[in-house]
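Hi,

Here is the structure I promised to pass on.

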Amino acid sequence: VDNFLSVLRRALSRTFFPVLQRAIGFGSAFEGWTASEEEVVYRVLVPLTPPLGHIFYLEPDTDQQRPGRNFRVLVALECRCPREQQGVHLLCFLHHPDVVRRVTGQANLLDTLCTGSYLDVKKTVRWFCALVRASWRRLPQSRSWDLALLPSKRSCNLRLTNSQESFQVRVLFGVRRAHTPSSMWPESYTMAETKLFRHVAGQVPQDSSHLKCLQLLTGVLARKDFSAHAIKTVVMRLLSTLPASQWHRRYFLLQLSDALEQLRLSLEGKHLEHFIVGNQRLPRQIRLPPDIQSATPPNLFHGLVQDPDAHSRAMQAYLDL
């Protein structure tokens, strides 16, 4: 992925599209487990930084109807004029947008990937997928791998296949907080979860079965329409409460029993708190902004509260296990 992004950066070097940063792997494939024995899916996050002459501002969503914490990425033009010659510099989108377009032949980001003044997720995905399609043949890997783009609106999903194997790469995009409808970008905590599993790997016994437990539960329960993230949350809570020594493989059946009991209690109460948000007892290497540490954890089972029929189906699916 990084080789591919290097090719794309060169193609974008003289444009005013978002700057692609180094990809960050996250999710089950990078945590040592997978929810399915079929095709492996590698999820990567590509941080976006503003191009020259632009600034990104994160605006929190105030609509309480949407679950989780969501943000809009406001795109503003930045003055590139020297202070002593305000309004004179010819390559300033803020004061001379028409001149910049004529000299560079490039439109600003507001005219390409935004809806109004906000960076649009779907437009960004379509733009990136078009780049991938146009640039694939420049990579040496294209000689031995076939690339297919899979349909998706909020991520760029790729399938790579050769004569012996195939796997998927799911590329998602984000804006770092430090750079402070379809223009809504949900706040993600996937990197914190991946760091947690790396931390746990150094604490549990060498023959720990916590990943096997997670993989088995997710594989079975996913067929019952339970989300993989809900199952992962249950296991993360057990990892944070049970002593590391109890994750020895000889306790495997006990671990499964504990996880299923925790899931049952959460289903009955229609309540399963997000593990990262509001958690002030995470390992030191997992650093979160203060507002996330002090935030009220969202209920991952909020849909069961709103839909009694969905709750009945979920309980029946659990009883059918």
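Let's start with a pair of helices (helices, H or I of at least four residues, are DSSP runs, numbered from the N terminus). His210, Lys212, Cys213, Leu216, Leu217 and Leu221 in H6 meet Phe252, Gln255, Leu256, Ala259, Leu260 and Leu263 in H8, where contact means heavy atoms within 4.5 Å. By class, that H6–H8 contact has nine nonpolar, two polar and one charged residues (Ala, Val, Leu, Ile, Met, Phe, Trp, Tyr, Cys and Pro count as nonpolar, Asp, Glu, Lys and Arg as charged, and the others, Gly among them, as polar).

Before going on, some housekeeping: this is a predicted model, with local features needing pLDDT of at least 70 and side-chain atom pairs counting only at pLDDT 80 or more, while totals for chains, interfaces and linings use all residues. Numbering runs from 1 along each chain as its sequence is written, and side-chain values use heavy atoms, leaving out hydrogens and water.

Back to the geometry. The axes of H6 (residues 210-222) and H8 (residues 252-269) come within 10 Å and cross at roughly 50 degrees (axes are lines fitted to C-alpha atoms, for helices over the stretch in contact, with angles from 0 to 180 degrees between N-to-C directions). That makes H6 oblique to H8 (under 35 degrees is roughly parallel, over 145 roughly antiparallel, 65 to 115 roughly perpendicular, and the rest oblique).

H8 has another partner to look at, H11 (residues 308-319): their axes come within 10 Å and cross at roughly 160 degrees. H8 is therefore roughly antiparallel to H11. On the H8 side the contact uses Leu260, Glu261, Leu263, Arg264, Leu267 and Glu268, and these meet His311, Ala314, Met315 and Tyr318 in H11. Sorted by class, the residues of this contact are six nonpolar, one polar and three charged.

Now for the domains. The assignment gives domain 1 (1-175) and domain 2 (189-320), with bounds from an automatic or database domain assignment. Their centres, taken over C-alpha atoms, are 31 Å apart, and the contact takes 13 residues from domain 1 and 18 residues from domain 2. Between them the domains bury about 1,300 Å², 62% of it on carbon and sulfur atoms (buried area is the accessible area, 1.4 Å probe, that two parts lose on being put together, summed over both). In domain 1, Glu31, Trp33 and Arg69 lose the most area to domain 2, together 50% of what that side buries.

Cheers

Methods:
Helix = DSSP H or I, 4+ residues; strand = E, 2+ residues; numbered from the N terminus.
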